[in-house]
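Have the sequence and the 3D view open side by side, and let's walk through a few spots together. We will take them one at a time.

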Amino acid sequence: MLRIGVIALVTLLFAGLVFPAAGTSPQLNTASGGPDNQTAQGTQVADTTTDTDGDGLSDSLERSVYGTDPTDPDTDGDGYPDGMEVRCGQAIPGADPLRTDIYVEVDSTQSTTLSDAVRASIVDTFDSAPVSNPDGSTGIDIHLVTDETNLSVNGTVYSKHQPGPGNDIYDFRRNHSGHRSEGYYYVLVTDDVAYNGDDYFVGAGRPEIAAMERFESTKITASLFMHEFGHAMGLDAHQDGIDEERYTRTEYDSVMNYNGLYRQLTYSNGTDNVGRNEWQFVAESRTRPDVQCAENGTCASRCVQG
């Protein structure tokens, strides 16, 4: 699903690039008196200027090269316009306009961040998600981008705004996020986290942002990431079974169930007693950071002209 205003942002995003404007009529060299889509010799010429959906890709390229929908600016519905996914690999590396892509910046107050084993577990879990993509594949591509480590921290990291610097997750995102404007989520790995002021908890997730502690166990750390990142995507505690122990894992088969936390990684596919398809929610309706770089042109500087 495309976020409100994204089509308007696309125009700004590709300002200055050699991309066709939406609705522009073909401007081809034609023989005098001949049809607009033929040369003087009568050879058919591809229309490389019409961009019906304004996503930065011509209709002809969308049909013949990329397999994207020329009437939908975001064919895979992941919040990134097709043209951005094709052209802007420096901003969103590895993006595919026919598969759901999710980008996460991971910072740390420690000398190291999530281990390779933890990252692989998370990536594999999303890749196995039971959701369909326009290219006929299933799964979600989650990109965990490690940025800064050894960040200075002022004791416990709280999940709500606190007075003073370096002591809540919003401080860290505001001061250290290098990818917020590209629509990345933000996750901070740290030593001590407090949820609603209670440092009994080891992780906290708010819309678009999360903080978590790290453990020696790959499974426990990966499971905690999945739980808190679920909150960052909009799986909230007010929903039935989330952050509760009243359902068994059979009744509610999700890492958002406290009886599943640390024991599994996946979200519910909707076939249990609770009946909420969390993977479908993640693919289609999750809370998403705005792609703001179109407004100030920072993406355009990292996009290939075409």
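**A walk from a loop to a strand**

Leaving aside neighbours within four places in sequence, Tyr 195 is in contact (heavy atoms within 4.5 Å) with Ser 159, Phe 201, Gly 203, Ala 204 and Arg 206. Before going on, please note that this is a predicted model, in which local features need pLDDT of at least 70 and side-chain atom pairs count only at pLDDT 80 or more, while totals for chains, interfaces and linings use all residues. Residues are numbered from 1 along each chain as its sequence is written, and side-chain values use heavy atoms, with hydrogens and water left out.

Tyr 195 sits in the loop between strand 5 (193-194) and strand 6 (203-206); helices (H or I, at least four residues) and strands (E, at least two) are DSSP runs, numbered from the N terminus. Tyr 195 and Gly 205 are ten residues apart along the chain, and their C-alpha atoms are separated by 8.4 Å.

Gly 205 also leads us to Glu 228, whose side chain reaches the backbone nitrogen of Gly 205 at 3.1 Å. The Glu 228 side chain reaches the backbone nitrogen of Ala 204 too, at 3.5 Å. Glu 228 belongs to helix 6 (residues 218-232). Glu 228 is buried but has no salt bridge, meaning a side-chain nitrogen of Lys or Arg within 4 Å of a carboxyl oxygen of Asp or Glu. The nearest side chain of opposite charge is Arg 206, 8.7 Å away.

Now turn to strand 1 (residues 101-108), where eight of the eight residues are buried. In a regular strand the side chains alternate between the two faces of the sheet. Here Asp 101, Tyr 103, Glu 105 and Asp 107 point one way, and Ile 102, Val 104, Val 106 and Ser 108 point the other way.

What does strand 1 pair with? Strand 1 and strand 4 (residues 185-189) pair in the parallel sense over five bridges; pairing requires at least two DSSP bridges between two strands. In that pairing, Ser 108 stands opposite Val 189. Six bridges join strand 1 to strand 2 (residues 141-146), and these two strands run parallel. Here Asp 101 stands opposite Asp 141.

Technical notes
Buried < 20%, exposed > 50% of the residue type's maximum accessible area, 1.4 Å probe, protein only. Lys, Arg positive; Asp, Glu negative; His and termini not counted. Polar contact = N/O pair within 3.5 Å; in protein donor to acceptor, adjacent residues only side chain to side chain.
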